[in-house]
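Try each task on your own before reading its solution.

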Amino acid sequence: MIIVTIIKKTIKLQTNNILKAMRKLFLSLAVILFITTVSTAQIPSVQIKTVDGKPFNTKDIKSDGPIIVDFWATWCKPCVKELNAISDEYEDLVEETGVKIYAVSIDNARTSARVAPFVNTNGWEYEVLLDPNSDFKRAMNVVNVPHVFIFNKKGELVEQHTSYSEGDEEHLYELIRKLAKE
Amino acid sequence: MQKIIFNLILLTFSISVLAQEPATKGVLSGNLQFDGTYYTDTLSQSQRPESFGMNAYANFNYTYGKFSAGLRFESYTPPLMGYDPKYRGTGIPYKYLTYRSNELEFTVGDFYEQFGNGMLLRSYEEKMLGYDNAFEGVQIKYNPFQGIYIKGLVAKQRNYWEYTGLVRGLDAELIINDMFKFKNTELPYFTLGGSFVSKYQDPQHSSLNLPGNVASGGGRASILYKGFNLSGEYDYKINDPSSDNNFTYKEGEALLINATYSKKGFGVFFSAKRLDNMYFRSDRNASGTNYLINNPPAIAQEHTYALPAMYPFATQANGEMGFQWQVSYKIKKKSLLGGKYGTKITVSCSKVYDIKRDSINDYTAIGEKGTNGYQSDFFAIGDHWYTDFNVKIHKKFSKKFKGSLLQQYQEFNNNTFHVGTYHDMIYSSITVADMTYKINKSNAIRLELEHLYTEQDKGSWAMAMVEYTVSPHWFFVVWDQWNYGNEIVNDREHFYNFSFGYTRKTNRIQLSYGKQREGVVCAGGVCRYVPAFEGLMLSITSTF
């Protein structure tokens, strides 16, 4: 649509005016594109670990469907409540929407070795990552846990929220289903 | 002609901006945190004549292609009670510029870093604890080939509003399977790592011959095979006379071993640790949490409820040895004991002792200034310092009701650590019941009851907390911790709190009134560490 308008406009004007108009138009487009970048925020590249202790770069957080990055810790009871609640629905949700949940634990060296037994005992199927020195947490500007980021299929940040109350997961399922249809 | 060229340049620039992928556009993000307290007790009012304490932070991060830059503004006007008064003031103590490509990451400015388990080097921030030992200098991370990760830094260290000292560090981690491109994923997964950290501080004029450069180094290894994970780290520090060890010349050693096994529904964890003279600071005269280069992880368990954390045991870097283990099992759903949704049982234990110190010869006292300090048999055990034994059951009874029950026995050596006011060994039995009832789709009520029984120190405590949440925005919490068992009737204090708050997306605002002990508080949908206060507290957080 925008390209058609440009062509129509330029045909009408003389050479000097053509140059003047083009300059103004391209300049404003460039400025607009430059400013309106927050809505397409992507995941920064941070070197952390998988739940087994293998190196993992956050740039590899990818999926064909919507992506959820959920910051939690074994000592954070609301975080565990939220992930337990979603765990009951996760298998069905994945089948229905292709969503992938990355559960990033901010447990430091005191408790990070406990994360794998904790996750496995609970039977969580998420992709669990370890961020023991809070490097990824800092890069994503997380203040308190839990903090959930929701990305659409293109990898663009759509929504983020902190805190968990019983029933919050319903809104999350709605949003995931909506993003899967886009 | 000039005009045409100028316009062509502008055209090229505009098209290139249009043609660029979203990832190379500039992105601005950050967060804000504000905690302000109006104090009503006489002690706080005497230390904060302003009657208020206010901590505020704002982080701004800008990323454009391979570059990112950012800064943090901090304001302590004055700092909250529980924070060192040296924080008083405002400024920008944290700023950085980073370049990132596929193999190389280069930062100038302020940054955080951890080598291995942090026993030689760990700089991190925990704003609510008032802890920030950031580095300021240069940090390089290099991944030259698959499976090889090298990190290096040369920096000063943060202490309140200053950066001083000099630390140099180098760390390498080798992922054997990736380096040699093992195709078979059934093979065990090996990792090797090594670190070297050296600090320099002017020996100054001293009657002692103090070392300017103090080096430390260590190695670590881990094996991962099917559900097993075994890892270990050993670190060594040369003589480092400091105020922590009474200026003795003994070397320092640290050993940490972790072993875990888990599969669906079952997990086992075991950890053993020994520290001997492992305070490592940029300033040999510092104390407390100042100028710490390393941060050895604590061996005692982390407690997430209030009363079990009444007598907390912190890492003793001068020397300690201990172990902890945990077994967790989830009884299958739809079985007799498991119930409809399954039941999770966790049994755990931690035990910590002092190391055994013997004098180096007959005429030198243990820890005598200017000598080699003491000698210590690696496997000999010293005084008993701490034990806890816990059983925790978590069960979801129905769609509406779930709960946890925790029973803990604790032994705390108060003679050495003086957390309690009276007695040498404090023996306590603690019970916690945490139940949640979902009234309907968006309303829920949670009840937390805790009881600590002890015949020592100030006697027994009881606690009750009620939390009402309305998804997704509102919460109301009220709780009270009561020292009802105190022999001195007038000292039977109440630590009470009324809080309510509103959360919308990433904005959270909370107002609290009461008298609170410091600790981790999991209420209102998040868990955060809160300093002690008596009065009215307003907290605001936001991420953008």
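**Exercise 1.** How many bridges join strand β1 of chain B to strand β30 of chain B, and do the two run parallel or antiparallel?

*Solution.* Keep in mind that this is a predicted model. Start by locating β1(B) at residues 27–39 and β30(B) at residues 533–543. Nine bridges join these strands, and they run antiparallel.

**Exercise 2.** Describe the make-up of chain A, from its elements to its contacts.

*Solution.* First, count the elements: chain A has six helices and seven strands. Next, read them along the sequence, which gives the pattern α-α-β-β-β-α-β-α-β-α-β-β-α. Then turn to burial: 48% of the 182 residues of chain A count as buried. Finally, take the contacts between residues at least 6 apart in sequence; 68% of them join residues at least 24 apart.

**Exercise 3.** Decide where chain A calls for caution.

*Solution.* Begin with the average pLDDT of chain A, which is 86, with 81% of the residues scoring at least 70. Then look at residues 30–39 of chain A, where the pLDDT is below 50. This stretch still has twelve contacts in the model beyond near neighbours in sequence. Where pLDDT is low, the predicted coordinates should not be read in detail.

**Exercise 4.** Take apart the side of chain A that touches chain B.

*Solution.* Count the residues first: 59 of chain A are in contact with 78 of chain B. Next, list the elements of chain A that give two or more residues to this side: α2 (15–35), α3 (77–97), α4 (115–122), β7 (157–162) and α6 (168–181). The largest share, nine residues, comes from α2(A). Last, sort the residues of this side of chain A by type, and you get 26 nonpolar, 23 polar and ten charged.

**Exercise 5.** Which residues have the most contacts inside the largest nonpolar core?

*Solution.* The core in question has 58 residues. Those with the most contacts inside it are Trp72(A), Cys76(A), Tyr102(A) and Val145(A).

Terms used
Residues numbered from 1 in each chain as written. Chains lettered and ligands numbered in written order. Predicted model: local features only at pLDDT ≥ 70, side-chain atom pairs only at ≥ 80, totals over all residues. Helix = DSSP H or I, 4+ residues; strand = E, 2+ residues; numbered from the N terminus. Buried ≥ 20, exposed ≤ 12 C-beta atoms within 10 Å, placed from the backbone. Contact = placed C-beta atoms within 7 Å. pLDDT = per-residue confidence, 0-100. Nonpolar A, V, L, I, M, F, W, Y, C, P; charged D, E, K, R; others polar. Pairing = 2+ DSSP bridges. Core = buried A, V, L, I, M, F, W, Y, C linked by C-beta atoms within 7 Å.
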